[in-house]
Amino acid sequence: MRDSDDDLAVVGAGPYGLSVAAHAAARGLTVRVFGRVMDSWNRMPPGMLLKSEPWASDLSDPAGLYGLAAYAAIRGVRAEHGVPLPVAFFASYGEWFARQALPEPVDQRMVTAVGARPDGRFAVTTEDGEVFGARTVALAIGVMPFMEVPAELRHLPSPELVTHSSHHSDFGRFAGRDVTVVGAGQAALETAVLLTEAGARARLVARAGRLEWNTVPPSLHRTRWEAARAPHTGLGCGWRNLLYARTPGLFRRLPDATRERLFGTALGPAGAWWLRHRFESVADVRPGRRIVAAEAVGDSRVRLTLAAGTGTGDGAGAGRPGAGGGEPCTVETDHVVAATGFTPRLDRVDLLSEELRDELRTLDGLGAPEAGPYFESSHPGLFLAGLLTAPSYGPAMRFVYGSGYTAVRLVRGVERRLREPRLPEVPAARPRPAEDGAGARAAEGARQRG
């Protein structure tokens, strides 16, 4: 255990963790960030594109100096509305943000355990066994712990016969093989396209009766009437999206049953408009079908039994070979990729000690930890960020766009917690080293507003 405790330990170095750390450092807190910077983004397949608009994909620093457009300008790239950027470019942007906005390099070790100490503080253990003390902790562990695979597939050997879409950084190994993708969202649709483009025989199976596609985003320069009818937001156009994007705090005040319903239905699965023409290359599309059974055939094949899903296939894919509807059928395939999203359940947060995990309050019906007004869990000093907070704060927390709101509120909560009588006062903001002059300007701007 280190002799002195940091004010805040941030577990996770993705968009939410880096944004929280940038705000905490600008407020003068001693902060240590653990994790491989932009790890899950760096592991995405080549050719994958960012679905969100560039202007809605900024990581958050208090002075707003380190947005995606600033990095794009340095790289000589235009971050334009309606023009998707490569995911690899976004991952590089996050690494640049970490160098610019944080006073110290990220500790690239993974955290294996977080436990509560008798004095009300925390013990953070890294993968090599070193233990750090922290007065508060922010869990910004991304989506990887929460991968969802349908129950009908979980008994199959993985990764030989079944994987989750987020497991893959290269689809080249599937060239010439038959691969079935399960799902109807962007991950499923883009995975099927990338598999096809890599030379695989890709099949898409989706419970939904039709596939949904986002429309081409309207221009940012519109008449007042057009803007009033469907305002732009970081989550897409429309007044409902505007409420999700701008008022996560109001979402948290909704009745539990309403939040649970909206968490499962708001911003449902849909493909990006720019993917639709490429999706025509996927020859076998089966909407309105669900997997009811799966069995291994030998060591290298899977037999899937498909039955009617939530509707009949009259949308995208209808009329194509194998389109949905009709009697149950079986298909044999070499591999199944479950592009079926993520479920942020507390029981999947293995790095929390059992005592701490059992103590936390959860949202009925969802199994996610309850996040308070400042993103604090029911255990004092343990804060939550990212997908874990989407059941409490709404759909914005499923996207990079929600990192700004989270960082501001969460750091305010950390300051409030540190000011309790049992812990010393938060020190005044102090100068921080920066990679260039922009970093100093960011710190100065934050102090003036603080």
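How many residues sit between E3 and E4 in their hairpin, and which residue in the turn has a positive phi? Keep that in mind for the second view; everything here comes from a predicted model.

**View 1. The whole chain before we zoom in.** The protein chain is built with 14 helices and 14 strands. It has 450 residues, and 51% of them count as buried. If you take the contacts with a separation of 6 or more, 69% of them are between residues 24 or more positions apart.

**View 2. A hairpin made by E3 and E4.** Here's the reply to the opening question: five residues lie between E3 and E4, and Gly-120 in the turn has a positive phi of about 90°. The two strands, E3 at residues 111-116 and E4 at residues 122-126, pair in the antiparallel sense over five bridges. To pick out one of these pairings, find Gly-115 and look across to its bridge partner in E4, Ala-123. As a reminder, strands of a sheet pair through backbone hydrogen bonds, either parallel or antiparallel.

**View 3. An open sheet of five strands.** Reading across, the strand order is E6-E13-E7-E8-E9, and the pairing is parallel. Strand E6 (162-164) and strand E9 (284-287) are at the edges with a single partner strand each, so one side of each has no neighbour in the sheet. From one strand to the next, the twist averages 20°. Within this sheet, look for strand E7 (residues 178-182) and strand E8 (residues 201-206), which run parallel and are joined by five bridges. Val-181 is a handy landmark, as it stands opposite Leu-204 in E8. If you follow the side chains, remember that in a regular strand they alternate between the two faces of the sheet.

**View 4. Where helices H3 and H4 cross.** The axes of H3 and H4 come within 10 Å and cross at roughly 100°. Angles of 65 to 115 degrees count as roughly perpendicular, and H3 and H4 are therefore roughly perpendicular to each other. On the H3 side, the residues that meet H4 are Leu-68, Ala-70, Tyr-71, Ala-72, Ile-74 and Arg-75, and their counterparts in H4 are Phe-89, Ser-92, Tyr-93 and Trp-96.

**View 5. Rings in a cluster.** One aromatic cluster is formed by Trp-41, Tyr-66, Tyr-71, Phe-89, Phe-90, Tyr-93, Trp-96 and Phe-97. Across the whole structure, a search finds 15 aromatic pairs. Tyr-66 and Phe-97 make an edge-to-face pair, with 6.3 Å centre to centre and 90° between the planes. Tyr-66 is in the loop between helix H2 (39-42) and helix H3 (68-75), while Phe-97 is in helix H4 (residues 87-101), so their pair ties together parts that are 31 residues apart in sequence.

View 6. Phe-375 and Tyr-405 form an edge-to-face pair, 6.1 Å centre to centre with 70° between the planes. This pair links distant parts of the chain, 30 residues apart: Phe-375 is in the loop between helix H11 (354-359) and strand E14 (382-384), and Tyr-405 is in helix H13 (residues 403-418). Phe-375 counts as buried at 0% relative accessibility, whereas Tyr-405 is partly exposed at 27% relative accessible area. Now find Arg-409: its charged end sits over the ring of Tyr-374, 4.4 Å from the ring's centre.

Methods:
Residues numbered from 1 in each chain as written. Predicted model: local features only at pLDDT ≥ 70, side-chain atom pairs only at ≥ 80, totals over all residues. Heavy atoms only, no water. Pairing = 2+ DSSP bridges. Helix = DSSP H or I, 4+ residues; strand = E, 2+ residues; numbered from the N terminus. Phe/Tyr/Trp six-rings, centres within 6.5 Å; stacked < 30°, edge-to-face > 60°. Buried < 20%, exposed > 50% of the residue type's maximum accessible area, 1.4 Å probe, protein only. Lys NZ or Arg CZ within 6 Å of the ring centre and 35° of its normal. Axes fitted to C-alpha atoms, helices over the stretch in contact; angles between N-to-C directions. Parallel < 35°, antiparallel > 145°, perpendicular 65-115°, else oblique. Contact = heavy atoms within 4.5 Å.
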